[in-house]
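Please open the structure in a viewer and keep the selection tool at hand.

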Amino acid sequence: MTGAALVARRAYRVGAAGRCVGLIAVAAVPALTLGVFFCYPVASIIGLGLHPAAGWDLGAFGSVLGRARFLRIIVFTVAQAAASAVLSLALGIPGAFLLYRRDFRGRAVVRALATVPFVLPTVVVGLAFNTLFAPHGWLGSWGWGGSVAAILAAHVFFNYTVVVRTVGAAWAHLDDRPVLAARGLGAGPVRAFLTVTLPALTPAIASTALMVFLFCATSFGIILVMGGGHWNTIETEIYRQTAQVGDLATAAVLSILQIVLVAAVLVVAAWLRRRTETALRLRGAIDTVRRIRRADLPAVVVTAAAMVLLILPIAILVTRSLTTPTGWSFSNYRNLAGVGEGNALLISGVAALVNSLRSALIAGGIATAVGVMLSMVLTRRSRSRVARRATAALDAVMMLPLGVSAVTVGFGFLIALDKPPLDFRSSALLVPIAQAMVATPLVVRMVLPVLRAADDRLRQAAALLGAGPVRVWASVDVPIAARALIGAFAFALATGFGEFGATSFVARPETVTLPVVIGRLISRPGPVNTGMALAAGVILAAACGVVVLLVDLTANRRGNGSANGSGIGGF
Amino acid sequence: MNLTSAHARRGRRLAGFPRAALLAVALAAVTSMTLSSCGAATGGSTTGGGGATGGSSSSGTGSDSGSGASPTQHATVTLITDDSFAVDPAVLDRFEKDSGITVKILTEGDVGEMVSKLIVTKGNPLGDVVYGIDNTFAGKALAAGVLEPYTSPLAPKGADTYTIDPEHRLTATDYGDVCVNVDHRYFTAHHLAEPTTFEDLAKPEYKNLFVAEDPSTSSPGLAFLLGTIAHFGPDGWQAYWKSLKANGVKIDSGWTDAYTVDFSGSTGKGDRPLVVSYASSPPSEVKAGDTTAPTGALLSTCFRQIEYAGVLAGTKNPGAAGTVIDFLLSADFQAQIPAQMYMYPVDKSVPLPSDWAKFAPIAPHPETLSTADIDANRSQWISAWTDLMQG
């Protein structure tokens, strides 16, 4: 053995020990965050339901599982979530290709536009879709009012961007030379896509499908507003039982069923992921983008159709926000400077917008930091089976906040975080923390596929050349994932911006965000309040569009720089 | 190059085991920490719920800042309200200046959600005073023991009329009627006589014209259901709803969708001219300067809703909490209730806004049910309704 190799090995061992301690520290932060702000509150409220003062009461299990209504609800929850995921993927994958692999004028604008639906409060979107499909609405002749088709359309409207961004982030980094090789060896474009591109994208597609499924399985506002009481998910039923009926035992059973269902889906997803995730050849995103051309026509057609689906409800919002009893006017927008008819709001719409921005920035920061820490831990490919299992478990558990009812978490917050040292119930930080809990899984799902696909030999080479763990991370992982990272931050920002469910549970008057304001305005009579709500919805959409556009433009400039500077593409 | 990386890989394998094991231990530790904290949570909250009947063991939330520094004047009272709460800031400022009490307002969802939150946080209440519990949920709050007795010296000015609890744990502050609203223009344009009674709504000439709200998710929806139960009796209401269903009633989950999308008389320009809303909704639809309202309430389809305030059991500051209840009954606060919350003040001496007399008359003989009756049957009625309308 040469002297150089010995030195290298010793250096590696020392580095390994340091890295190990670091890794544990890095793992502890997200695990603790998850424990305190998710697991503990959820367990508390379920505990209160199943273990009231008198002792364990498990009778609710029988009464829930025995009622046909609940079984119907469970089947519908799963079926509509699966259908929504499939439809979102079908529309979104061509979009991901067009927006991340092809260059054309206005691409950044289309990307920002595609993100807008994601931040709109469900109340407003539900209202827009109901207006669209109402008998006198623009698409009233379709007869979709109150139907499952309308609900699925709304779910696709929300999740289109999830697919485009997550699959797009992976696709942008995909080395296109294997495809060129396949084509050179005689494969047609379809065959090359099916045998080379699709397998390489499967991890990203699988994790996107998982996210969309979880989002739709816990769909609350859309189902409540568009289902008209006929269609119910486990989530709306938990709300009904917890908040309205006050039957905590039934709510607890439903929550447990929801967690079991989500856990089952996560296990299947993790299994699929293990089978499909491989080290891919990645390149700097910039090298892979080509000018749009004639062969891209099918993708263009599908994406154009998706854009129509995205634009119609937004157009309805804009139209209704400009309509007043006395004709067309901007008065709804002007009114937002105030507090509404009859002081509907405790703070002005403008102040709420500032609150939204601030809280979204904090939430985006927390989610990105926690998400990146998690991704670092989850990227480690350990050889020990136990460690691999632990990593897989952590991977699954951190997805749970996406799949567990905001009502359960919200009520859990009230009873679990009410005493020192965890007296967060009246803390202003609660809003961004609640938002971050929802956004963190998204960050991980966007960053992780890229990091996992990165060739580990790059890190080993860097370590061998004397880089410490932080340096390795900064000079290998960060550049590789730069684009996904910035995209994830934008996405986390957008999530925080539009988050309504959890926020409405924990918002305090002085921390009220724009979506909460909209929910409040829209539930009061009078054209002024309705108009203001819709105007606020339009402003929320516009503000989100601008923020995402700015982040994307920055990412592009950065992406250029790092790709040229560090030459990942050449590795 | 290749050789080096092969060594590095072997090195990694050597270093691999302890590292992986440590990671596993760390994860296990964090997980078990998390799990044990979860277990502690369950136990903790249960004992909290069990030993909190008197509510004396609680550590107040909002009143902390008040009781800490100077015990006499600068108290902070946290007022828990539902979504429909609104107050004229000038009125609130005046009260805060005069009394030295700072009022912190927390909105906690609609009435049902708010009462559920009060019940789960019993023993360590979210605040000191609650405002906005209506008669459809009052029985539930009283039975759960989340309120403390308080008798306001201002109660004789009107609140006494609506007393439901001999211990005075709830003080009435305002009331209103949930009624079917009608779009006058639609019926004029279609040369159709307007319906006037519950029975009319089930007649064939009004097929597919009526939209109501789901009582399991909407407060006016629940009030309307209770109105039909009061009118048709506990044995007759199901047959009536069957006939409504056959006559094409549309059920929305909430007031917003029913009123602003499906109702033809408001912003959504929907296609149904009859909607369950409030007797006080029509004034909002009157254009400035007009002398007639385009919509109206059918006064023989009304259910009387009464809103109450109360001191939360476990408050650290019962004195200041009582002062806030007095404020809610003061002429200053009562006078702004119609404009802020679309309800009628309990204090009869307070003048109503001028357009209310014209466009928002109160029902002379509204339907009513006792809170005890409502509390005993609410869940059962709602599930019967759900099975009837959805099953």
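What percentage of the contacts in chain B with a separation of 6 or more do residues 24 or more positions apart account for? They account for 74%, where two residues are in contact if their C-beta atoms, placed from the backbone, lie within 7 Å.

Before selecting anything, note that this is a predicted model, in which local features need pLDDT of at least 70, side-chain atom pairs count only at pLDDT 80 or more, and totals for chains, interfaces and linings use all residues. Residues are numbered from 1 along each chain as its sequence is written, while chains are lettered from A and ligands numbered from 1 in the order in which they are written.

**The two chains**

Select chain A, which has 23 helices and 4 strands. Helices (H or I, at least four residues) and strands (E, at least two) are DSSP runs, numbered from the N terminus. Of the 571 residues in chain A, 58% are buried. A residue counts as buried if 20 or more other C-beta atoms lie within 10 Å of its own, as exposed if 12 or fewer do, and as partly exposed in between. Among contacts in chain A between residues at least 6 apart in sequence, 83% join residues at least 24 apart.

Now select chain B, with its 15 helices and 11 strands. Here buried residues make up 55% of the 391 residues.

**Helix pairs in chain A**

Two packed helices are described by the angle between their axes and the distance between the axes.

Select residues 234-245 and 406-416 of chain A, which are helix 10 and helix 17. Their axes come within 9 Å and cross at roughly 30 degrees; axes are lines fitted to C-alpha atoms, for helices over the stretch in contact, and angles run from 0 to 180 degrees between N-to-C directions. Helix 10 of chain A is therefore roughly parallel to helix 17 of chain A. Angles under 35 degrees count as roughly parallel, over 145 as roughly antiparallel, 65 to 115 as roughly perpendicular and the rest as oblique. At this contact, A:Ile238, A:Tyr239, A:Thr242 and A:Ala243 of helix 10 meet A:Val407, A:Thr408 and A:Phe411 of helix 17. By class, the contact of helix 10 with helix 17 has 5 nonpolar, 2 polar and no charged residues. Ala, Val, Leu, Ile, Met, Phe, Trp, Tyr, Cys and Pro count as nonpolar, Asp, Glu, Lys and Arg as charged, and the others, Gly among them, as polar.

Next, select helix 3 (residues 68-101) and helix 12 (residues 297-322) of chain A, whose axes come within 8 Å and cross at roughly 115 degrees. The residues of helix 3 that meet helix 12 include A:Leu91 and A:Phe97, and those of helix 12 include A:Val300 and A:Ala306. This contact of helix 3 with helix 12 has 9 nonpolar, 2 polar and no charged residues.

**The cores**

Select A:Val447 and A:Ala536, the residues with the most contacts inside the largest nonpolar core, which has 191 residues. A nonpolar core is a set of buried Ala, Val, Leu, Ile, Met, Phe, Trp, Tyr and Cys residues joined through C-beta atoms within 7 Å. Helix 18 (residues 430-453) of chain A gives the largest share of this core, 17 residues. Not counting residues up to four places away in sequence, A:Ala536 touches A:Leu336, A:Gly349, A:Leu514, A:Val517, A:Ile518 and A:Leu521. A second, separate core of 96 residues includes B:Ile101, B:Val103, B:Ile251 and B:Leu329.

Select B:Ala321, in helix 11 (residues 318-329) of chain B. B:Ala321 is buried because 26 other C-beta atoms lie within 10 Å. Among the residues that B:Ala321 touches, not counting those up to four places away in sequence, are B:Val77 and B:Asp128.

Most residues other than glycine have a negative phi. B:His168, however, has a positive phi of about 60 degrees. B:His168 lies in the loop between strand 4 (147-148) and strand 5 (171-183) of chain B, and counts as partly exposed, with 19 C-beta neighbours inside 10 Å.

Finish at B:Asn208, whose phi is also positive, near 60 degrees. B:Asn208 lies in the loop between helix 6 (184-189) and strand 6 (210-213) of chain B. Is B:Asn208 buried or exposed? B:Asn208 is exposed, with 12 other C-beta atoms within 10 Å.
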